[in-house]
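Today I looked up salt bridges. I wanted to know which side chains pair up and where they sit.

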Amino acid sequence: MKNKPKTLVLLDGNALIHRAYHALPPLTTKKGEVVNAVYGFTATLLSVLEKFKPEYIAASFDLPGGTFRDDMYAEYKATRQKAPDDLYAQIPRVKEVTAAFGIPIYEREGFEADDCVGALARQASAAGVDTIIVTGDNDVLQLVDDQVKVFTMRKGIKDTVLYDRDAVAAKYGFTPSQLPDYKGLAGDSSDNIPGVKGVGPKTASDLLQRYQTLEGIYEHIDEIKGT
C-alpha cells in the first residue's frame, strides 16, 4: 500500500488578518486594545489544525514597502484605500501568536506574502508533500494542482471552502493555471488591473474555454467578434 503523502499547511498571514478584521466586530481587551483580527486569525488557525492535522505548517506576512509588481506597473493597487491603523496595529500581535505556536514565518522584501506561500508550495510539491494554502484571497487559486489545494473563506471566517482542481473549474469554467490570463483579460478592480476594454468576466471565461491562453486568443483574433 502506497504511503499517504504528508501535508503542509501554509498561512497567508495578511490575507487572513484582513479577512478577520472586516468579518468581526471591533473586539477589545480590558486595556482597550483592538484584537478582532488577532482573535479571528487564531480561531482560523485552531480550526485548520483540527481539520487537517498537518505534519508541517508555516506562515508568511507582507513586509512594508513596495514589491516587484510596483516596479512593473506603477498603478498597481493605486486605488486601494489604506487599511485602518487599528488593523496594522494587530499584525505584531498576530505574529506573536504565530511564534507562540512554534510556526516559522517566511518573508522577503520586494515580495508579497502569497508570493512566498507560492514558492513554499512549489518546493513542497517537489519534495512529495501535499499543501493546503489557508487564505482569504482567491488570487491564490492559480496555484491549485494535484498536490496543492486552497482553503479559503467565502464569507466571514466560518463559511469556508476547500478548492481542488474540480472546484476551481466549477467556479470559473476553466483550470487554475488559466487564472492569470483571466485576470489579464477581465482585470481586477481590487488590484487596479485594467484588463481588456469591453471584456468582462463572462467573456474572459468564454474566450479561455475556447482558446485556452492569451496567446491562443491572439492567434485567432480575426475569429472573435468585436475585435
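Entry 1. I counted the salt bridges in this predicted model and got 8. I then went through some of the pairs.

Entry 2. I looked at E96 and R93, whose side chains form a salt bridge with N to O at 3.2 Å. I found both residues in helix α5, residues 91-100. They are 3 residues apart, about one turn of the helix. I noted E96 as partly exposed at 47% relative accessible area. R93 is partly exposed too, at 35%. I also noted that E33 is linked with R93 and E96 in a network of salt bridges.

Entry 3. I turned to D139 and K183, a salt bridge with its closest N and O atoms 2.9 Å apart. D139 lies in the loop between β4 (130-135) and β5 (148-155), and K183 lies in helix α8 (residues 179-186), so the pair ties together parts that are 44 residues apart in sequence. Is D139 buried or exposed? I read a relative accessible area of 18% for D139, which makes this residue buried, because buried means under 20%. K183 has 24% and is partly exposed.

Entry 4. I checked R210 and E223, which form a salt bridge with the closest N and O atoms 3.9 Å apart. The pair links distant parts of the chain, 13 residues apart. R210 is in helix α9 (residues 201-211), while E223 is in the segment after α10 (214-219). I wrote down R210 as exposed, with a relative accessible area of 57%. E223, at 45%, is partly exposed.

Key
Residues are numbered from 1 along each chain as its sequence is written. This is a predicted model: local features need pLDDT of at least 70, side-chain atom pairs count only at pLDDT 80 or more; totals for chains, interfaces and linings use all residues. Side-chain values use heavy atoms; hydrogens and water are left out. A salt bridge is a side-chain nitrogen of Lys or Arg within 4 Å of a carboxyl oxygen of Asp or Glu. Helices (H or I, at least four residues) and strands (E, at least two) are DSSP runs, numbered from the N terminus. Buried means under 20% relative accessible area, exposed over 50%, partly exposed in between (1.4 Å probe, protein chains only).
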